[in-house]
Amino acid sequence: MNPFFKKLTRREQHIFSIFFSIFCMGVAIAVSFIYHNLVPDNLTNIVLIFILALVVVSRYTVGYWYGIFCCLFAVVCVNYLFAYPYFALNFTLPDYPVTFLGMAAITLLTSTLTSHLAKQAEMLAEHEKKLNEAEKEKMRANLLRAISHDLRTPLTGIIGNSSVFLENQVRLSEEEKTEIVSNINNDANWLLNMVENLLTVTRITGDNLTVKSNEEPLEEVVAESLQRLSKRYPDVVIDAQIPDEFILVPMDAILIEQVTINLLENAIIHSESVAPIKLLVENHSDHVSFTIRDYGVGLPREMLNNLFDSTVYTTSGTSDAHRGMGIGLSICQTIITAHHGTLTGRNHKHGAEFIFTLPKTIKEDGLEK
Amino acid sequence: MKARIKILLIEDDKSISRFIATALEGNGYKIMAALTGKEGISLAASFCPDVILLDLGLPDVDGLQVLKQIRTWSNVPVIVLSARTKEQEKVEALDMGADDYITKPFGTEELMARIRTCMRHRHSGTPDRIYKALNLEINFEKRLVKLEGKEIHLTQIEYQLLTLLAENSGRVLTYSFIMNAIWGPYMDSNNQILRVNMANIRRKIEKNPAQPQYVFTEIGIGYRMLDNEHV
C-alpha cells in the first residue's frame, strides 16, 4: 500500500476508497461516452476502458469489496449504456456471461494481488523493525559487556586489596597499609569516574538521541572542566587557550564537560608523558572546535581505525593494564553526535590529538530548547 | 575551653554517615547523626546544631521538605549533600535557603572547608571591609579593586557583582539570587546579561579566563568566589 494510505485511519481509508471508486467509474463512463460518440458500436474497446478503471480501483482501494462492487456496476453500466439496445438492460446477449466473468475475474485477481502486496510490504517493514531492534540490542549487549569488564577490573583490585588488609592487619607495616588503602582509593575513584560517565549518557534521550541544550558561554564550560579535572589530577599542567571574544554555544554543558574531561584524562593517562597537554578552543564561522593535544607516544596504529568502538579494547590483551579508554571514547562520540558535532582522533608529529566540534546554531530538527 | 561546634548530619546511608562522622569527629566537631528526615527535624530542634549537613535523597521525607521545615523556625547554616548531575535540585535547595551544597562524593578536606566558610559567614556580625585572596584585593569602603597592587576599573554593575560575590566568598550564589540582588526582582529570568558581565569581569581580573583563579563557575547553578583570606 502506498505511504499516503498508511497515514490514514481505517475509517478514512474506506471513505477515500468510496470516493475513489465513484471517481474512477465516473471517468470511465465519461471517456466511454466520448469514445462511443466518435466510434459507435465498438463494445470491445469500451469494455477495455472499464476493465482499466476496474484495475485502477482494485489497486488503490482497501479490500476486495470496492473492486467487486465496481465490477458489478461496470457490467450493468456497459450493458445499459453502451450495448445494443442502448439505455435498456438486455441480459440475453450471447457474449454477455463471458464479458461479465472476465471482468469479475480481473477485478478479483487485481484486488487479491494488491492486498497481498500490501500485506507483504507490512511484513517486510515488521521484519526490518525487528532487525533494527536486534541491532540495537546487540549494541546494548556489547556496551554492557564492555562496561562489566571495565568495572570488574577495579572491583577486583578493591576486593583483593581490602581482603589482604583485613587478613594481614597485624603483619603489615604502616607503609604497606598506606599503599593498600591508596590503591583501594584509586580504584574506587576510577570506578566513580566510570559510573559518572554512564550516568551522563542517560541525559541523552529518545530514539533520535537529542540533548537538552542551553546557550552556554564557552569559557565557563572550559573553566569548569579544567577545575574539575584539577581536583582529580592536582599536579597535571594543562595549557588552555580560548578565543578572546565572548561566545555562546548551545549545548548540554554537563555533557560537553564530560567529553572534555574524558579526552584530557585519556591524554594524561595514556600519553606516557608529562609534557603539558594543550587544550585549544577555536572559533570558526559556524562552529567551535576543541583540540586536545598531547605530546606523548601517540595512538597505537591498530586502534586508529576503530577508536570509537566500545568493544575493541576489551578484547585486546592490554586493556587491563590500560583500563580501556574505549567506553570513554564511545561515550564521547555519542555525546558529540547528539550535539550534531564531530569527533576525530589522530596522531600528529609528537603525540596524539582529539578534535571535536560543536555547531554554533541549533539545527531545525536537532537540539531542542 | 571553647565549646565544640555541633553538627547535625541527616543522611540515610549508614556507611556514608559513619565516614562523615568519623572525619568530623577527628577534626574536633561534635556530631549527631539522623538517619531519616523526621528524626533530623526533631534533632534539629532539640540538639541545636551549629551546622546541618542534609542529604537530599531521604527515605521518608523529601530533603527539600526537611529544609523548608527547618527554615520555618531556624536560621542555622545548612549544607546540602547532592549528586553532581542534579543541578535543578541544588538550585532549588539553595533558593530555598540552603547556605551551600557539596557534591557527592567529596573529600573530607572539601567538607571541612565548606563547614568553616558557613560558620564564618554566620558568625561575623559585621561584614568584612576588605576582601583579599591571592593577588586580588577589594576595599569595600573605598570601593577600590586592586590586582597585584594595580587598580582595576570596573563598571558600576561589574563592581556590584564582584563585591556581592566577594562578600559571600566561598559560597555558591545562584543565578537567580545574583539577578535579584543586582537587577531587582522585575528583571526577566534570562541570565545572559549576568553571564556577559561575568565574562567582562573575568577578562579584567583573571590571567586566563579558561583557568580562573578568583571566580569559579558552577554551570547550571551559579558562581562561587575564592574564599577571603583576610579574616
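**View 1. Pairing of strands β1 and β2 in chain B.** L8(B) has M32(B) in β2(B) as its bridge partner. Strand β1 (residues 6-10) of chain B joins β2(B) in the parallel sense over five bridges; two strands are taken as paired if DSSP finds at least two bridges between them. Strands (E, at least two residues) and helices (H or I, at least four) are DSSP runs, numbered from the N terminus. The model is predicted: local features need pLDDT of at least 70 and side-chain atom pairs count only at pLDDT 80 or more, while totals for chains, interfaces and linings use all residues. Residues are numbered from 1 along each chain as its sequence is written, and chains are lettered from A and ligands numbered from 1 in the order in which they are written.

View 2. Five strands with parallel pairing form an open sheet in the order β2-β1-β3-β4-β5. β2 (30-34) and β5 (100-104) of chain B are the edge strands, each with a single partner strand, so one side of each lacks a neighbour in the sheet. On average, neighbouring strands are turned by 20° against each other, direction ignored. Helix α1 (residues 14-26) of chain B packs on the sheet and touches β1, β2 and β3 (51-55) of chain B, its direction making about 170° with that of β2(B). Contact requires C-beta atoms, placed from the backbone, to lie within 7 Å. Helix α2 (residues 37-47) of chain B lies across β1, β2 and β3 of chain B and runs at about 165° to β1(B). Angles run from 0 to 180 degrees between N-to-C directions, and axes are lines fitted to C-alpha atoms, for helices over the stretch in contact.

**View 3. Packing of helices α3 and α4 in chain A.** Helix α3 (residues 43-60) and helix α4 (residues 65-82) of chain A pack at about 160°, with their axes 10 Å apart. α3(A) and α4(A) are therefore roughly antiparallel (angle over 145 degrees). Residues in contact include F50(A) and L54(A) of α3(A), and C70(A) and A74(A) of α4(A). The contact of α3(A) with α4(A) comprises 12 nonpolar, two polar and no charged residues. Ala, Val, Leu, Ile, Met, Phe, Trp, Tyr, Cys and Pro count as nonpolar, Asp, Glu, Lys and Arg as charged, and the others, Gly among them, as polar.

**View 4. The contact between chains A and B.** Chain A contributes 19 residues and chain B 16 residues. On the side of chain A that touches chain B, α7(A) gives the most, with eight residues.

Key: Contact = placed C-beta atoms within 7 Å. Parallel < 35°, antiparallel > 145°, perpendicular 65-115°, else oblique.
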